[in-house]
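Dear colleague,

I am passing on the structure we spoke about, and below it you will find my notes on what came out of the analysis. Please read them alongside the coordinates.

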Amino acid sequence: MSVGQVIERICSEKRHIMKKTLIKMGALFLAGGVTLAAQATTPEEDRAAFTSHYKFRFTDVPVEEYANGAYAIDKIGRENWEAIEEFPPYEPFIDEGQEMWETPFANGKTYKDCFPDGPGVKGQYPRWDKKQGMVITLPLAINQCREANGEKALKYKKGPIVPLLAYMAFESRGQITNVVIPEDDPRAMEAYEAGKRFYFTRRGQLNFSCATCHVQNTGLKVRTEVLSMSVGHTTHWPVYRSKWGTAGTLHRRFSGCNNNIRAKALQAQGEQYRNLEYFLTYLSNGLALNGPGARK
Amino acid sequence: MQTKRLLSVLLLAVTFVAGTGTALAADAKAESPKAVQAQQEIDKADKARKMAASVDSEWTTTGKLIKKAQAALKQGDYDTAIRLAKQAGEQGVIAYEQGASQKELRIPSYLKY
């Protein structure tokens, strides 16, 4: 049975039956399921394990293609996507973002003062910040810049942060994902490990982890969508999604994927999602950035 | 540091909810013992929901059930309120178990190292 069918079935069941299913699911998961106790693995070993898993499943798809998400493995979806990319729906966002980038703050300073290598700095994020003792993502760095210059922080899932991110992503195209876990601060590895644990933790009423869909069931369909591989998940943000009717951030997508399994989404740019981004982006090390992107 | 602050906010929130709960329950008592029971089940469910949230494991369904139970209680439909609140409470307990039992990382066997 495909994941789609499982979800469909659970959705259509009557409430009293669902309650029973729930209790069974609870029992199943208390029994442990098919898992192995964690052996200590290095980030490089994790990346290799994920990549070889997908390579084994999709023998003739080159790893570089993973940056195109489901369209690397979904022929029909790809045709539509290529047609959409001829007049990219994210283009107006890039233009709007450039204007934001060039407009000085009330104090006369600009984003350039915070990002001297900018606007194309996406390849430097997410990164471990030893002084702050946390993972810094690009959206967080943008808001830290704004606040340091007396401007209000922007919302993290949609709204004006998206065009700015779109412009910076566009200017960063071709940079190679290269997340570093510095060895001089053990907290960096802890953050990576926390992100990894989040990724493999089953959540929500449907009791799925990210891996259930994006590793175990990659290539299968959920309703009309083909499940993508997690390697390549971070290269192309922000994304214009037809379903959203606008462009949104990676953490908005995290929320959506949590909600789909009936798990309450956590705070965008909160510690859990930042650590998740750290782990997830590490998996894409070596892949070129190709944002902003368009998806169904 | 942040966890500490969060904890104290949570504690405050719990106290607050428990406080209003008792106040409401006191009002309800004048009406019917079933109303009191409904309020108690709702309070229990909300506690269970918060427990699940404390391990990042809350379900989207639980809060909705609690809201529906509260609405039913308000309308005097105590049986429905009790039934929904119990369901929500059960969800909260399972969701907490779900989160708490996975504190340790487990790599699924389909991923070969």
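In which sense do strand S6 and S7(A) pair, and over how many bridges? Strand S6 (residues 239-241) of chain A and S7(A) pair in the antiparallel sense, and the pairing runs over three bridges. Two strands are taken to pair if DSSP finds at least two bridges between them, and the elements themselves are DSSP runs numbered from the N terminus, with helices (H or I) of at least four residues and strands (E) of at least two.

Before going further, please keep in mind that this is a predicted model, in which local features need pLDDT of at least 70 and side-chain atom pairs count only at pLDDT 80 or more, while totals for chains, interfaces and linings use all residues. Residues are numbered from 1 along each chain as its sequence is written, chains are lettered from A and ligands numbered from 1 in the order in which they are written, and side-chain values use heavy atoms, with hydrogens and water left out.

To return to the sheet, S6 and S7 belong to an open sheet of three strands in chain A, with the order S7-S6-S8 and mixed pairing. Its edge strands are strand S7 (246-248) and strand S8 (293-295), each of which pairs on one side only. Neighbouring strands of this sheet are turned by 35 degrees against each other on average, direction ignored, where the axes are lines fitted to C-alpha atoms (for helices over the stretch in contact) and angles run from 0 to 180 degrees between N-to-C directions.

Two cis peptide bonds in chain A deserve a look. The bond from A:Trp237 to A:Pro238 is cis, with omega near 0 degrees, and A:Pro238 is found in the loop between S5 and S6. The bond from A:Gly291 to A:Pro292 is also cis, with omega near -10 degrees, and A:Pro292 has its place in the loop between H12 and S8.

A:Gln269, in the loop between H11 and H12 of chain A, has phi near 65 degrees and is buried, with a relative accessible area of 7%; buried here means under 20% relative accessible area, exposed over 50%, and partly exposed in between (1.4 Å probe, protein chains only). B:Asp56 has phi near 55 degrees and lies in the loop between helix H2 (33-54) and helix H3 (60-74) of chain B, where B:Asp56 is partly exposed, at a relative accessible area of 21%. Chain B as a whole has four helices and one strand, which run α-α-α-α-β from the N terminus on, and of its 113 residues 42% count as buried.

As for the aromatic side chains, rings of Phe, Tyr and Trp (its six-membered ring) pair if their centres lie within 6.5 Å, with planes under 30 degrees apart counted as stacked, over 60 as edge-to-face and the rest as tilted. By this rule the count comes to 18 aromatic pairs over all chains. One of them is the tilted pair of A:Trp101 and A:Tyr167, at 6.5 Å centre to centre and 55 degrees between the planes. Because A:Trp101 lies in helix H5 (residues 91-102) and A:Tyr167 in helix H8 (residues 161-171) of chain A, this pair ties together parts that are 66 residues apart in sequence, and both residues are buried. Elsewhere, ring pairs link a cluster that includes A:Phe50, A:Tyr54, A:Tyr192 and A:Phe279.

Charges also sit over rings, by which I mean that NZ of Lys or CZ of Arg is within 6 Å of the ring centre and within 35 degrees of the ring normal. A:Arg203 lies over the face of A:Phe198, at 3.7 Å from the ring centre, and the charged end of A:Arg252 sits over the ring of A:Trp244, 4.1 Å from its centre.

Finally, A:Gly123 is found in the loop between helix H6 (111-114) and strand S2 (127-129) of chain A and is partly exposed, with a relative accessible area of 23%. A:Gly123 and A:Ala83 are 40 residues apart in sequence and 28 Å apart in space, C-alpha to C-alpha.
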